[in-house]
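Please read them with the coordinates open.

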Amino acid sequence: MSETTVLVAEDNPELREALVDTLELGGYQVIATESAEAALDKLQSAQVDLLLSDINMGKMDGHELLGQVRSLHPWLPVILITAFGNVGSSVRAMRDGAADYLLKPFKPEDLLASVSRYARCRASDSSEPVAVERESQQLLMLARKVAMSDATVLISGESGTGKEVLAQYIHRHSNRQGKPFVAINCAAIPENMLEATLFGHEKGAFTGAYNSSPGKFEQANGGTLLLDEVSEMDIGLQAKILRVLQEREVERLGGRKTMSLDVRVIATTNRDLKEAVRQGQFREDLYYRLSVFPLAWKSLRERPADIVPLAERLLSRHCERMEETANLDDSARNALRQYPWPGNVRELENVLQRALIIQEGGVINASALSLTTFENSIGATASLPEYEQDSEPSSSVISDADLGNDLKKREYEIILSTLRKQGGKRKETAEALGVSARTLRYKLARMRDMGINIDSLASA
Ligand SMILES: Nc1ncnc2c1ncn2[C@@H]1O[C@H](COP(=O)(O)OP(=O)(O)OP(=O)(O)O)[C@@H](O)[C@H]1O
């Protein structure tokens with residue numbers, strides 16, 4: 001027996017009874033109400049997994065109810081029942097964040113199919129992405145819609161905004177749920193290994209290939225493959241990826257057999273991929289192939305309503321892991337809201353982890369968050385007293401961690417000052433530093449994760 005509870009709001013007694021019967025026969029627990037107001041009341045007291053509401057009802061209609069539910073219970077899937085032929089109403093329902101709509105008259109199996117799709121999608125709160133800002137909720141709604149198709153999705157957004165979280169969300173809400181979700185970070189794997197990692201290889205295909213091995217495409221068969229930071233793939237490999245996507249088959253390196261594939265591809269990028277196309281670094285045909293359905297996360301500072309709920313979720317996740325209990329106080333919440341978050345959600349997570357370690361008494365206040373920007377921390381280094389030639393440092397013991405941090409900070413300072421000298425131009429900066437453009441991008445992404453606002457510092 002399903003534990004799922006459906007709340008029904010329907011003022012017509014016959015239809016209400018029919019809905020209740022169908023849902024109960026479908027194995028759901030049902031709470032029936034005769035108005036939108038009564039449904040809102042019930043939501044205060046009962047644990048509900050899905051709301052099914054008619055649009056045409058007495059004082060408060062289904063649209064208004066949907067609006068209230070979206071702000072009071074953002075996670076709750078809502079299915080609206082609309083009158084046949086009222087296209088405007090159905091369009092409005094979807095735009096306002098309904099999970100689905102049913103056109104009257106509908107068959108009992110259509111009702112059960114829709115309810116099971118969206119009730120099934122409900123995961124435990126802690127695995128769903130946090131989305132309180134209206135635009136974030138709309139993004140999740142679009143993601144749920146595209147999840148039901150097999151379309152290729154391109155997720156863009158600054159580093160650390162939650163692109164991988166969104167990709168997993170799409171996978172979980174698709175028919176491929178339960179099949180493999182395989183992720184590969186195209187920036188983290190050395191260029192010469194990427195092809196073999198993606199396509200697999202047979203024994204002896206290249207020096208060092210002592211055994212045959214399946215590639216990520218094969219491992220993801222039946223499921224979803226995430227090509228993380230797809231822009232970091234070299235142009236030759238891009239052509240091969242395009243071929244796999246078009247022909248839906250893959251051949252291992254050094255192999256002769258082709259294997260047919262049933263893989264949904266999701267790609268992510270933190271660069272402007274269109275710009276990369278313009279600069280000749282990314283194939284236009286692959287761009288169009290990947291971006292059949294583009295989704296974009298805003299940076300965290302552009303969705304302020306998400307900040308504190310995200311912080312609470314991340315904090316409780318880490319508390320669980322560390323078997324600790326800690327809460328944010330008002331000063332911490334305010335500080336979180338005011339900080340610009342150049343490293344987005346990943347930076348928020350780092351900040352909370354650190355705060356959890358240094359907090360005392362289970363309360364995290366603003367000072368435990370130590371939200372200093374890198375600008376201030378460079379200032380602090382510059383003003384440190386220099387040791388006199390003949391005097392000993394005050395502490396002769398420098399820990400490895402301190403040394404590592406100092407070196408990293410030094411490296412970041414060098415990268416930033418070179419960027420400044422080169423007028424912010426990445427290509428010239430990489431040349432001046434003697435590293436590849438790809439390595440520089442990787443380092444800049446890690447710096448952003450640390451909360452360094454590269455653009456403002458590079459132009460300072
Ligand atoms: N909406 C969200 N709800 C809950 N956790 C989130 C959300 N967005 C991001 N996170 C958490 O923040 C961290 C960074 O997210 P994620 O790895 O998805 O970002 P990303 O954009 O893929 O980063 P990168 O560009 O560096 O690959 C993860 O620990 C993730 O769990």
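1. In which sense do H2 and H3 cross, left-handed or right-handed? The crossing of these two helices is right-handed. Please keep in mind throughout that this is a predicted model.

2. The geometry of that pair is as follows. H2 covers residues 36-45 and H3 covers residues 62-72; their axes lie 10 Å apart, at an angle of about 20°. Angles under 35 degrees count as roughly parallel, so H2 and H3 are roughly parallel to each other. On the H2 side the contact is made by Ala36, Ala39 and Leu40, and on the H3 side by Gly62, Glu64, Leu65 and Gln68. Sorted by class, these are four nonpolar, two polar and one charged residues.

3. The crossing of H13 past H15 is right-handed.

4. The residues that form this second contact can be listed by helix. H13 supplies Leu310, Ala311, Leu314, Leu315, His318, Cys319 and Met322, while H15 supplies Val345, Leu348, Glu349, Leu352, Gln353 and Leu356. By class, the contact of H13 with H15 has ten nonpolar, two polar and one charged residues.

5. Next, the ligand. It is surrounded by 20 residues, of which Pro129, Gly162, Lys163, Glu164 and Val345 are the closest. Helix H7 (163-172), H13 and H15 are the elements that give two or more residues to this shell.

6. The composition of the ligand shell is seven nonpolar, seven polar and six charged residues. Domain 2 (134-296) and domain 3 (300-371) each give at least three residues to the shell.

7. The peptide bond that joins Lys104 and Pro105 is cis, with omega about -10°. Pro105 sits in the loop between strand S5 (100-103) and helix H5 (108-121).

8. The other detail concerns Trp341. Its phi is near 50°, a positive value in a residue other than glycine. Trp341 belongs to the loop between helix H14 (330-338) and H15.

Methods. Residues numbered from 1 in each chain as written. Predicted model: local features only at pLDDT ≥ 70, side-chain atom pairs only at ≥ 80, totals over all residues. Left-handed = near helix turned anticlockwise from the far one by under 90°. Helix = DSSP H or I, 4+ residues; strand = E, 2+ residues; numbered from the N terminus. Contact = placed C-beta atoms within 7 Å. Nonpolar A, V, L, I, M, F, W, Y, C, P; charged D, E, K, R; others polar. Near = placed C-beta within 6 Å. Domains from an automatic or database assignment. Axes fitted to C-alpha atoms, helices over the stretch in contact; angles between N-to-C directions. Parallel < 35°, antiparallel > 145°, perpendicular 65-115°, else oblique.
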